[in-house]
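Subject: Model for you to look at

Hello,

Here is the structure I said I would pass on. My notes on its pockets follow below.

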Amino acid sequence: MLTLSDLPLRDDLRGKEPYGAPQLAVDVALNVNENSHPVPPAVVDAVRRGVDAQLRGLNRYPDREFTRLRELLLTYVQDFSSRQSGDGSTPADFLTADWLWAANGSNEVLSHILQAFGGPGRTALGFVPSYSMHPLITQSTGARWIAVDRGEDFSLSAETAAAAVREHHPDVVFLCTPNNPTGGGLPAEVIEAVLHASTGIVIVDEAYAEFARPGYTTAVHLLRENPRLVVSRTMSKAFAFAGVRLGYAIAHPAVTDALRLVRLPYHLSALTQAAACAALEHTPVLLDNVEALIAERDRMVTALSELGFDVAETDANFVLFGGVSDTRLLWQRLLDAGVLIRDIGIPGHLRVNAGTTEETTAFIEAISAIVAAHPETLENL
Ligand SMILES: *Cc1c(COP(=O)(O)O)cnc(C)c1O
């Protein structure tokens, strides 16, 4: 039988593993940080109308510049920054629609950035553990990945981050805040120190920004002074829109111009644009569940701590917990109880995302029962 090794595959792709979070049919799926709440009925209706209006025109290519979508994203980004500042200021009012970019998921946005600024002979650096797609996207463009370890408690100091950037002078730096899979946000001074130390592109991946605790600030306001900064976001998490595939970035118009060199023509279909626009016209309804998910996340943090696990600080819609004696066994026991969570390969740790109230309760009950029946689940016992 023909296998991969028989094909004239690129040498640098030989032996690589594809992204592969298990997609299993289970009652309670808390493994890929999706929003557990279905799209609200008002948004379903709006999306249906928006998509319907496009159908007869599908003989034509879509708007290559996704003009309306960029305008709606701009409004959302500015509103988010103003709400976060909390003092009536408008820290993102310098932005215009030229600063917005979008693609089929923020993974594609990141891929555009690495195609334009990475590629053969170049390097991208990240602070691990972090999002597993950052190295895969980097390497897919032929660039070399440089992994720098975070501290013992997964924290990252401004000094460590800046020193690593000065040592390796990468073409691209990835910062992920709130960080997947560890959950915590980065202090603003870390981002500023990296921007100061770097001569390349600095990507701040803010996929979970909407779930952050008070005190977290988006890097968007730093764009005014830092034209090599790119802030990436997604509609896959807080917006409950993972199935549509819509990610976006905010960056200097010269940077978004660079991305036009590498995107495929008409990369955002008319249906994707229509669905995303309809959703963005209903952001308050869509984001309604964010508060509920934060409450469920915090309930998980409390329950896991009380059971005796080491729980990492979290600004995201998920929780990383350590102190697990056998991650594979606990993962399987939870799956046997109908609850799918994620083994992200950090020894002694597992990650679980906040669910609906029922799902969160199911997880807490299942893991409590497992620990009661098998106290050795906890590594310090
Ligand atoms: C989920 C996630 C994304 C989003 O990916 P999409 O392609 O937009 O679905 C991006 N970055 C991180 C860190 C994530 O966890």
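The lining of the largest pocket divides into 20 nonpolar, eleven polar and seven charged residues; Ala, Val, Leu, Ile, Met, Phe, Trp, Tyr, Cys and Pro count as nonpolar, Asp, Glu, Lys and Arg as charged, and the others, Gly among them, as polar. This is a predicted model, in which local features need pLDDT of at least 70 and side-chain atom pairs count only at pLDDT 80 or more, while totals for chains, interfaces and linings use all residues. Residues are numbered from 1 along each chain as its sequence is written, and side-chain values use heavy atoms, with hydrogens and water left out.

A pocket here is an open set of points on a 1 Å grid over the protein atoms alone, with protein on both sides within 12 Å along at least five of seven lines; lining residues have an atom within 4 Å of a point. Volumes are the space filled by probe spheres (1.4 Å) set on the points, which are joined across faces, edges and corners.

The largest pocket holds about 890 Å³ of space. Of its 38 lining residues, Y19, A21, V32, Y131 and R342 are the closest to its centre. Because domain 1 (24-39 + 288-377) and domain 2 (41-286) both give residues to the lining, this pocket lies between them; the bounds come from an automatic or database domain assignment.

The second largest pocket has about 430 Å³ of space. It is lined by 18 residues, and F80, R83, E210, A212 and E291 are the closest to its centre.

Regards
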